Amino acid sequence: MLDAAFFDQVFWGNTVKAYCLFGAILFFGIILKRIISKLLSKLLFMLFKNFSQQSHDDAFVALLIKPISLLIQLTTMYLAINQLKHPLEVAIFHYRKLVGKVKIAVPVSLGDCIDRIFLFLIILSIFWIILRIIDFISHVLLFKASLTSNKSDDQLVPFLKELFKTLVIFIGFFTLLGFVFEVNVLTLITGLGIGGIAIALAAKESLENLIGSFTIFLDKPFVVGDLVKVDGVEGTVEKVGFRSTRIRTSERTMATIPNRGMIDGVLENLSLRNSRKVSFIIGLTYETTSESLRKIITEIESYINNHNGTSDDGNASFKSFGDSGLNIEVNYFVTVLTYSDFLKIRQEINLVIMDIVINNKSDFAYPTQRLISDRPIAPEVEKEVGNDAVD
């Protein structure tokens with residue numbers, strides 16, 4: 001058996017006992033890291049079990065296992081390295097620190113630098129865990145929001161998620177400044193008084209977009225899933241963020257519009273309409289008699305108003321004498337909002353209009369020109385004109 005004298009032997013400034021503790025801590029930390037991280041994740045989930053009201057433990061563990069594993073690994077390495085004393089206590093440089101009115105030289109050892117690095121990483125891992133908990137809470141809230149018919153909560157949850165994550169990152173930044181770099185955070189914030197004005201002016205557009213996002217949530221001109229049209233962009237709202245709103249266009253591209261533009265511009269919420277308007281002009285040949293024209297107009301208007309997919313205020317009227325034909329204007333509203341059904345109804349009505357025109361011994365006009373002359377045309381000229389017409 002090894003006696004105590006063996007462990008008290010010193011090699012490179014550290015005892016054998018210190019090296020053994022260093023290796024043991026690293027070994028058990030690496031071996032037990034994943035087991036402990038899963039156990040801690042499940043223990044943390046117990047705090048949110050009543051909140052979730054569903055079996056979301058797998059999602060919770062999946063979100064937290066990496067940051068908790070990193071925290072355990074960093075803590076293990078920190079405890080292991082601190083078992084070694086030499087050469088960590090050797091000063092590698094000095095810096096001057098103001099104490100009262102006197103500046104003194106403060107030595108900084110390699111161990112101090114390692115301590116600050118580990119402290120920095122440990123604080124980062126802790127705030128990473130907090131951010132993942134926010135992700136889990138938003139995951140549960142989104143699940144609950146999907147069970148309701150109201151779309152406002154589907155839009156509000158991602159926004160609040162980004163808001164709280166931004167606040168946590170902001171707090172984490174000042175925590176790092178205070179604990180790792182020993183910056184007086186209160187003095188720093190106070191000193192940003194004049195500088196804050198300059199920053200606010202520089203970030204004027206970003207602040208306007210942030211205010212625009214709050215306006216969208218308060219005024220609710222649209223919610224996620226609505227079909228909107230703004231500044232010539234038409235599509236479905238997918239997400240409302242701090243700075244911008246993302247819209248999936250009909251071409252399946254993603255359009256990003258600043259929130260300021262969403263509230264300052266002319267916004268059409270197409271999802272709130274109660275019908276789709278169809279308006280067009282058809283031209284009939286000048287050979288159409290007035291009696292046939294009246295019958296065509298009456299039959300078109302009657303068919304549209306009696307159709308199950310349209311409102312009863314459709315109309316057809318003789319609009320004008322065109323260059324190539326008699327123009328009839330047709331207007332009606334389709335009450336079916338689904339786009340595919342709208343296309344089918346419009347196609348059905350168009351085909352019936354074609355049948356009405358043909359059944360009333362008329363035809364559709366197209367651009368033509370007629371040459372009228374009171375003098376006979378020589379045969380060779382008539383032949384030449386005919387060949388040009390063919391060409």
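Here are legends for a handful of close-up views of this structure, which is a predicted model.

**View 1. Helix α5 from end to end.** Helix α5 covers residues 152-179, 28 residues in total. Quite a few of the helix's side chains are tucked away: buried residues in α5 include S152, Q155, V157 and F159. Further along, V168 and G172 are buried, and so is the run F174, T175, L176 and L177.

**View 2. The five-stranded sheet.** Five strands line up here as an open sheet in the order β8-β7-β6-β5-β9, and their pairing is antiparallel. The edges are taken by β8 (254-258) and β9 (267-269); each has a single partner strand, so one side of each has no neighbour in the sheet. On average, neighbouring strands are turned by 40 degrees against each other, direction ignored. Zoom in on β7 and β8 and you'll find five bridges holding the antiparallel pair together, with R246 standing opposite T256 in β8.

**View 3. T245 and its surroundings.** T245 sits in strand β7, which runs over residues 244-249. Its relative accessibility is 0%, so T245 counts as buried. The side chain of T245 makes a polar contact of 2.7 Å with the side chain of N259. Setting aside neighbours within four places in sequence, T245 also has contacts with I216, F222, V237, K239 and V240, among others. A255, T256, I257 and M262 are on that contact list too.

View 4. β11 and β12 (residues 326-334) share six bridges in the antiparallel sense, and S320 is found opposite N327 in β12.

**View 5. Two cysteines, C20 and C113.** Are these two cysteines buried or partly exposed? C20 has 39% relative accessibility, so it counts as partly exposed. C113, at 24%, counts as partly exposed as well. A disulfide is a covalent bond between the sulfur atoms of two cysteines. Searching the whole structure turns up zero disulfides.

Technical notes: Residues are numbered from 1 along each chain as its sequence is written. This is a predicted model: local features need pLDDT of at least 70, side-chain atom pairs count only at pLDDT 80 or more; totals for chains, interfaces and linings use all residues. Side-chain values use heavy atoms; hydrogens and water are left out. Helices (H or I, at least four residues) and strands (E, at least two) are DSSP runs, numbered from the N terminus. The expected span of a helix is 1.5 Å times one less than its number of residues. Buried means under 20% relative accessible area, exposed over 50%, partly exposed in between (1.4 Å probe, protein chains only). A disulfide is a pair of cysteine sulfur atoms within 2.5 Å. Two strands pair if DSSP finds at least two bridges between them. A polar contact is a pair of N or O atoms within 3.5 Å; within protein, one must be able to donate a hydrogen and the other to accept it, and residues adjacent in sequence count only if both atoms are side-chain atoms. Contact means heavy atoms within 4.5 Å. Axes are lines fitted to C-alpha atoms, for helices over the stretch in contact, and angles run from 0 to 180 degrees between N-to-C directions.
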